[in-house]
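Keep the 3D view open as you read.

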Amino acid sequence: MSIDASPVAPETHRSAVADAALRDIPGVVTQLRATFDAGLTKPYAWRIRQLKALKALLLENTPAIEGALLADLAKNPAEAQLTEIGFVLAEIEHTISNLKSWLRPKRVPSPLLIAPASAKTVREPLGVVLVIAPWNYPVQLLLVPIVGALAAGNAVLAKPSELAPATSAVFAHLFEQYFDSRAVTIVEGGVPETTELLKQRFDHIFYTGNGRVGRIVMQAAVENLTPITLELGGKSPVYVDDTVDLRVVAHRVAWGKFMNAGQTCVAPDYLLTTPAIAAKLEPLLVEVIAEFYGSNPAQSDSYGRIVNDGQFERLTGLLAGEDVVTGGDSDARTRYLAPTVLRGVSRDAPVMAQEIFGPILPIVTVNSLDDAIAHINAGDKPLALYVFSDSKAVRRRFITGTSSGALAFGVPAAHLLVQGLPFGGVGASGMGAYHGERSVAVFSHDKAVLSKSLKPDTFNLVYPPFTHKKDAFIRGFLRKLT
Ligand code: NAD
């Protein structure tokens with residue numbers, strides 16, 4: 001069982017305003033429910049208007065949002081475009097372009113036994129949904145689920161993370177300006193607010209964050225049998241063999257690992273490779289890190305910072321006693337932790353006992369492909385598994401012999417950019433998946449609709465009393481169907 005990497009929220013002095021907001025939560029949910037029940041959110045035109053409003057919100061306030069991301073995570077604006085603002089805009093465009101066809105009722109064949117009849121599924125919104133977001137991609141992980149929820153015709157209550165306070169405040173302000181607050185609203189705050197929110201009845205809870213809180217969410221959902229999506233984390237391994245260009249591997253792994261200072265749920269967590277390949281990869285990783293962030297990454301504006309002091313202390317603590325290839329230096333005042341590579345890391349080292357969620361890349365050596373696969377399968381099912389190998393046989397082994405939310409060959413994290421692929425975990429890395437049409441499916445109920453005409457009443461063949469003739473008919477019919 002892995003130890004939780006979640007940061008502990010700092011003790012905050014609660015203001016009277018915050019206490020009033022907390023007391024108001026049941027009222028906010030009641031208002032959203034009244035709006036949904038009145039049918040405001042259901043029309044297709046309303047949904048498209050909300051998606052366009054969200055697009056305008058992002059385009060018209062890009063500097064403020066980029067500024068908030070800089071304040072919360074020292075996130076470079078170009079990286080913010082790639083992984084946050086631009087990412088959400090692409091999701092909105094994709095959803096607007098396809099929503100009509102995603103919402104179209106789908107005909108399904110009906111069996112002869114009930115002919116003449118027609119059957120179809122009709123997608124209907126669930127109602128009032130709660131979206132709880134984390135701090136590490138505080139724009140993308142707040143807004144992409146909301147795109148799906150609105151496109152599906154729901155009223156939405158969103159709870160951004162208190163650990164990205166600047167981004168949370170910007171969106172609380174902008175949501176009021178761009179959305180109808182009767183149908184879409186933000187509740188800011190931390191554990192007390194989320195605890196109060198979880199006492200309310202929702203029609204779906206969409207939670208992104210760590211597994212400890214995921215369990216709290218699941219327990220709360222039991223009360224009202226509320227369906228949930230849990231987008232969790234865990235250790236995402238990288239396997240490398242000697243059939244690939246290791247220089248490109250070093251670039252791709254360093255890119256996926258050190259983006260957002262390693263605070264990415266799908267970041268490569270650790271490398272699994274043979275000692276011989278590890279010896280070749282180490283100097284390449286050193287070169288690539290210098291290429292990306294210069295000789296002193298502390299001075300690079302392309303490199304982020306650790307979100308808070310608690311996370312910083314946890315991460316620097318993981319370095320104790322480890323053999324550092326590069327990095328390892330840190331500055332508590334600015335929460336800077338250098339891009340760090342560790343060699344020869346033991347499988348039971350503290351850094352291997354939890355999701356790292358920071359810029360530390362341990363290299364763990366294996367003696368064979370079997371050894372690597374056995375190691376991966378002995379742990380929790382990863383959110384993502386990355387394999388660098390040109391061997392078809394090796395790739396096949398990973399496809400059939402491992403289980404993970406996603407399996408990517410040749411590149412980390414990029415599977416999120418493919419809107420047709422489900423994004424989600426399995427086992428300890430989560431339940432449910434979203435992006436593109438799946439987001440609309442998550443926040444909808446596909447209602448079964450059957451229509452059978454009353455004339456002629458062919459059903460009289462199955463009404464009681466069950467005469468000999470009817471019995472023979474039913475048996476004959478069913479036999480033909482099987
Ligand atoms: P976080 O601390 O911001 O927590 C997420 C949300 O849970 C916040 O809104 C917070 O207010 C709420 N919360 C915290 N404690 C709570 C409590 N006791 N009761 C109720 N609600 C509470 O973010 P985090 O959990 O530290 O995020 C990091 C984790 O999330 C990592 O494990 C990472 O892998 C995972 N993650 C997963 C994905 C994904 O898409 N699968 C994406 C990003 C992060």
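## Starting point: Asp309

In which helix is Asp309 found? Asp309 sits in helix α11, which covers residues 309-317. Before going on, bear in mind that this is a predicted model.

Is Asp309 buried, exposed or partly exposed? Its relative accessibility is 45%, so Asp309 counts as partly exposed. Now look at what surrounds Asp309. If you skip the neighbours within four places in sequence, Asp309 is in contact with Ala332 and Arg335.

## Two residues with a positive phi

Arg335 has a phi near 55°, which is a positive value in a residue other than glycine. You'll find Arg335 in the loop between β11 (330-331) and β12 (336-337). With a relative accessible area of 23%, Arg335 is partly exposed.

His435 has a positive phi too, about 95°, and again this residue is not a glycine. His435 is in the loop between β19 (433-434) and α14 (437-442). Buried or exposed? His435 is buried, with a relative accessible area of 2%.

## How α12 and α13 pack

Time for some helix packing. Two packed helices are described by the angle between their axes and the distance between the axes. Helix α12 (residues 369-378) packs with helix α13 (residues 392-401) at an angle of about 25°, and their axes are 11 Å apart. Angles under 35 degrees count as roughly parallel, so α12 is roughly parallel to α13. The crossing of α12 and α13 is right-handed.

Which residues make the contact? From α12 come Leu369, Asp370, Ile373, Ile376 and Asn377, while α13 brings Val394, Arg397, Phe398 and Gly401. Sorted by type, the residues of this contact are five nonpolar, two polar and two charged.

Helix α12 also has a buried set: Leu369, Asp371, Ala372, Ile373, His375 and Ile376. Those buried residues pack against β8 (237-240), β9 (270-273), β15 (384-388) and α13. An α-helix has 3.6 residues a turn, so residues three or four places apart point the same way.

## How α3 and α6 pack

Now for another pair. Helix α3 (residues 62-73) and helix α6 (residues 165-178) pack at an angle of about 155°, with their axes 7 Å apart. Angles over 145 degrees count as roughly antiparallel, so that is the label for α3 and α6.

On the α3 side, the contact involves Ala64, Ile65, Ala68, Leu69, Ala71 and Asp72. These meet Pro165, Ala166, Thr167, Val170, Phe171 and Leu174 in α6. How many nonpolar, polar and charged residues does the contact of α3 with α6 have? There are ten nonpolar, one polar and one charged.

## A three-stranded sheet

Next, some strands. Three of them form an open sheet in the order β1-β2-β20, with antiparallel pairing. The edge strands are β1 (106-108) and β20 (444-452), each of which pairs on one side only. From one strand to the next, the twist averages 30°.

Strand β2 (residues 117-125) runs antiparallel to β20, and nine bridges join the two. To see a facing pair, find Thr121, which stands opposite Ala448 in β20.

## Two cis prolines

A cis peptide bond joins Ala115 and Pro116, with omega about -5°; Pro116 is in the loop between β1 and β2. The bond from Lys455 to Pro456 is cis as well, with omega near -10°, and Pro456 is in the loop between β20 and α15 (468-481).

## Last stop: Leu103

Leu103 belongs to helix α4 (residues 77-103). Why does Leu103 count as buried? Its relative accessibility is 17%, and buried means under 20%.

Leaving out neighbours within four places in sequence, Leu103 is in contact with Tyr44, Arg47, Arg123, Ala151 and Val440. Take Val440 from that list: Leu103 and Val440 are 337 residues apart along the chain, with 8.6 Å between their C-alpha atoms.

Technical notes
Residues numbered from 1 in each chain as written. Predicted model: local features only at pLDDT ≥ 70, side-chain atom pairs only at ≥ 80, totals over all residues. Heavy atoms only, no water. Axes fitted to C-alpha atoms, helices over the stretch in contact; angles between N-to-C directions. Helix = DSSP H or I, 4+ residues; strand = E, 2+ residues; numbered from the N terminus. Parallel < 35°, antiparallel > 145°, perpendicular 65-115°, else oblique. Left-handed = near helix turned anticlockwise from the far one by under 90°. Contact = heavy atoms within 4.5 Å. Nonpolar A, V, L, I, M, F, W, Y, C, P; charged D, E, K, R; others polar. Buried < 20%, exposed > 50% of the residue type's maximum accessible area, 1.4 Å probe, protein only. Pairing = 2+ DSSP bridges.
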